[in-house]
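User: I'm new to this one and would like a walk through it. Can you take my questions one at a time?

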Amino acid sequence: MESLVLDLTVPAAKETALLELSKKRESFPELAPYLWHSFGTMAALLQEIVSIYPMLQPPSLTAHASNRVCNALALLQCVASHPETRSLFLQAHIPLFLYPFLNTISKTRPFEYLRLTSLGVIGALVKVDDTEVINFLLSTEIIPLCLRTMETGSELSKTVATFIVQKILLDNVGLSYICATAERFFAVGAVLSSMVTGLAEQPSVRLLKHIIRCYLRLSDNPRAREALRQCLPDLLRNPQFTGCLKDDVTTRRWLAQLLVNVGHLQDAAALGTDVVGPTPPV
């Protein structure tokens, strides 16, 4: 594995090294420190990323180019996930190199794969509850980029983007940021509402779970809670729509708590959970 890391800086061996390392990364727990501290390696990975920028507009990304850069992104995800390198990764502002990929709109498979893998790197950052990560992301345009994906991406991309927004909301700094202005709150709320409407036609329990958790967290903010009394989608009170959650006790409890928080007590009781009163506002 060490020799493969060194091969990343050898042009003739680089593509093979990217492929092999991305496939075997789970079997090498200390890969991230090796990547970060090996001379020239991070520069080589960033070179892979910036080399395809010209293919983004006009859209000309090939499957081969997409697969190659996604292998590089998989290695960056290792660095983003590792406790020894996560903070260094942020301090170097490396996530910003991924944002042009999230800003694309082409629905072809190479672009979708590129967006999904880029979201995976950001998702790896937010998986660990770390306010440093949230503060960094909020200083960038990650919220509008995620909202765009939540509106237009594939089901899997929408799910990862919604998970990122959920993790930002679960941090007190993130909740305060999104609820600080009506514009930010309604931007997030409008996209969540649109996604709920879309799920009526193409159900996804996994995606619905993250949407409900975002709404529940928003209801922890007093001003957002009042707004949700007026703008929470009616579908979330429809037993036929929420019936897909019958085997998901946790999400049903989240939904019941959300409905209690915004004053729909009868609808909450119909879910048959043990929620008894509104959560205290944050």
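User: Which residues touch the most other members of the largest nonpolar core?

Analyst: This is a predicted model, where local features need pLDDT of at least 70, side-chain atom pairs count only at pLDDT 80 or more, and totals for chains, interfaces and linings use all residues. Residues are numbered from 1 along each chain as its sequence is written, and side-chain values use heavy atoms, with hydrogens and water left out. A nonpolar core is a set of buried Ala, Val, Leu, Ile, Met, Phe, Trp, Tyr and Cys residues joined through side-chain atoms within 4.5 Å, and buried means under 20% relative accessible area, with exposed over 50% and partly exposed in between (1.4 Å probe, protein chains only). The largest such core holds 93 residues, and the ones touching the most other members are Leu76, Leu114, Ile142, Tyr215, Leu218 and Leu236.

User: Which helix gives this core its largest share?

Analyst: Helices here are DSSP runs of H or I, at least four residues long, while strands are E runs of at least two, numbered from the N terminus. The largest share of the core is 10 residues, and these come from helix H5 (residues 63–81).

User: What does Tyr215 touch?

Analyst: Contact means heavy atoms within 4.5 Å. Leaving out residues up to four places away in sequence, Tyr215 touches Gly189, Leu192, Ser193, Val196, Leu228, Leu232, Pro233, Leu236 and Leu258.

User: Is Thr242 buried or exposed?

Analyst: Thr242 sits in helix H16 (residues 239–242). Beyond its neighbours within four places in sequence, it contacts Leu235, Leu236, Leu255 and Leu271. Its relative accessible area is 7%, so Thr242 is buried.

User: And how far apart are the C-alpha atoms of Arg206 and Glu155?

Analyst: Arg206 belongs to helix H14 (residues 205–218) and counts as partly exposed, at 45% relative accessibility. Setting aside residues up to four places away in sequence, Arg206 touches Glu155, Leu156 and Thr159. Arg206 and Glu155 are 51 residues apart along the chain, and their C-alpha atoms are separated by 9.4 Å.

User: Zooming out, what is the radius of gyration of the protein?

Analyst: The secondary structure comes to 18 helices and zero strands. For 282 residues the globule rule gives 19 Å, and the protein comes close to that, so it is as compact as a globular protein of that length. The rule is 2.2 Å times the number of residues to the power 0.38, and the radius is taken over C-alpha atoms. For this protein, the radius of gyration is 21 Å.

User: What share of the residues count as buried?

Analyst: The C-alpha trace spans about 65 × 35 × 35 Å along its principal axes. Of the 282 residues, the buried share is 51%.
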